[in-house]
Amino acid sequence: MPAYTAWVLVFLVVPITALWAVFHRRLTPYVRLCFVGALLGTPIAGIWDHIGYTHHIWYFPTGSILGPTFWDLPLEEWVFLFLMNILLTSITILLATRKSP
């Protein structure tokens, strides 16, 4: 498994799974919001990443990615952007719906 794919699994899939497992009752009513947030946020973040990549601000080493790209960004980067938006939207929902002490 390429390094970046493993990184995405460990640092995004595991926390999202844990967050939803623990707070599923609070998050389930907002599942559409999480996906809409991810669908809207991913292209915006993709533009930012594309600019950074094409201006050589950062790069993706060939051996650490699967290979397929879209708009010069590896497939894993698009998965990362989508999952990061899911994670951030989930955390925002939890903070916004918490009960005051």
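Analyst: Two residues are in contact when they have heavy atoms within 4.5 Å. In this chain, residues 24 or more positions apart account for 70% of the contacts with a separation of 6 or more. The model is predicted, so local features need pLDDT of at least 70 and side-chain atom pairs pLDDT 80 or more, while totals for chains, interfaces and linings use all residues. Residues are numbered from 1 along each chain as its sequence is written, and side-chain values use heavy atoms, without hydrogens and water.

User: How many helices and strands has the chain?

Analyst: Helices (H or I, at least four residues) and strands (E, at least two) are DSSP runs, numbered from the N terminus. The chain has four helices and two strands, and from the N terminus on its elements run α-α-α-β-β-α. Its C-alpha trace spans about 50 × 25 × 20 Å along the principal axes.

User: What span should the 24 residues of H3 have?

Analyst: The expected span of a helix is 1.5 Å times one less than its number of residues. For H3 this gives 34 Å, and its end C-alpha atoms are 34 Å apart, which agrees. Helix H1 (residues 3–22) has 20 residues and reaches 28 Å from first C-alpha to last, close to the 28 Å expected.

User: Where does H1 bend, and where does the kink in H3 lie?

Analyst: A bend is the angle between axes fitted to the seven residues ending at a position and the seven starting there. H1 bends by about 30° at Leu 9. In H3 a kink of about 25° lies at Gly 41, shortly before the proline Pro 43. After H3 comes His 56, whose phi is positive, near 60°.

User: Which residues of H1 are buried?

Analyst: Buried means under 20% relative accessible area (exposed is over 50%, partly exposed in between; 1.4 Å probe, protein chains only). In H1 the buried residues are Tyr 4, Thr 5, Val 8, Leu 12, Ile 16, Leu 19 and Trp 20; they pack against helix H2 (24–27), helix H3 (31–54) and helix H4 (75–96). The buried residues of H3, including Cys 34, Gly 41 and His 50, pack against H1, strand S2 (73–74) and H4. Buried residues make up 35% of the 101 residues in the chain.

User: At what angle do H3 and H4 pack?

Analyst: Two packed helices are described by the angle between their axes and the distance between the axes. Axes are lines fitted to C-alpha atoms, for helices over the stretch in contact, and angles run from 0 to 180 degrees between N-to-C directions. H3 and H4 pack at about 130°, with axes 8 Å apart. They are therefore oblique to each other (under 35 degrees is roughly parallel, over 145 roughly antiparallel, 65 to 115 roughly perpendicular, the rest oblique). Among the residues making the contact are Leu 33 and Phe 35 of H3 and Trp 78 and Phe 82 of H4.
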